[in-house]
Amino acid sequence: MSKPEPLKPVEFARHLDRTGNYRADGGHLYVWNDKCWEKLTNDDAEREALRWIERRTSAIGSAAAANNAVRTATLWLNKFEPYRGNDIVIPVANGYVRFDGGGLALTPHDKSQCISYIIDCDYNVGATEPPLFSKFLKT
């Protein structure tokens, strides 16, 4: 029986990086969920690492190995930089509502914007403009 190869935690980090859907900041992993960046709990990140270790390597998986892989990934991956644009963006379920000074526009979700939350409702472009909300946007 051959001895399992030692786990290289950086391989997990490289795997996450290749997907293009992971970033890290402050010791936490963020994953793109097709609408916004979601901060993973440490347990969820380690669970994902442990499953990856078991599927992709001959190394023996353990909680310590998963923790080490996640910690390595948080140092390896590109940093999550929260959105700091100058325009007003309201992230909703069907896209990003942008206020450009002249009105509202719905744009697709965009991972490059690094938005980490969604308001769970759709923006209806054809809906009647609510006067109170419009007043709020213009002040």
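Hi everyone, some ground rules to start. The model is predicted, so local features need pLDDT of at least 70 and side-chain atom pairs count only at pLDDT 80 or more, while totals for chains, interfaces and linings use all residues. Residues are numbered from 1 along each chain as its sequence is written, and side-chain values use heavy atoms, with hydrogens and water left out.

Let's begin with the sheet. Three strands make an open sheet in the order S4-S5-S6, with antiparallel pairing. Strands here are DSSP E runs of at least two residues, and helices are H or I runs of at least four, numbered from the N terminus; two strands pair if DSSP finds at least two bridges between them. The edges are S4 (88–92) and S6 (104–107), each pairing on one side only.

Take S4 and S5 (residues 95–99): five bridges join them, and a hairpin connects the two through two residues. Ile 88 stands opposite Phe 99, and Pro 91 stands opposite Tyr 96. Tyr 96 also has a bridge partner in S6, namely Thr 107.

Buried means under 20% relative accessible area, exposed over 50%, and partly exposed in between, using a 1.4 Å probe and protein chains only.

Next, the lining of the largest pocket. A pocket is an open set of points on a 1 Å grid over the protein atoms alone, where a 1.4 Å probe fits, with protein on both sides within 12 Å along at least five of seven lines; lining residues have an atom within 4 Å of a point. Of the 18 lining residues, those closest to the centre are Leu 104, Tyr 123, Glu 129, Pro 130 and Phe 133. S4, S5 and helix H4 (131–138) each give two or more residues, and H4 gives the most, with four.

Last, the aromatics. Ring pairs link Tyr 30, Trp 32, Trp 37 and Phe 80 into a cluster. Rings of Phe, Tyr and Trp (its six-membered ring) pair if their centres lie within 6.5 Å; planes under 30 degrees apart are stacked, over 60 edge-to-face, the rest tilted. Trp 32 and Trp 37 are a tilted pair, 5.7 Å centre to centre with 55° between the planes. Trp 32 is buried at 11% relative accessible area, and Trp 37 is buried at 0%.
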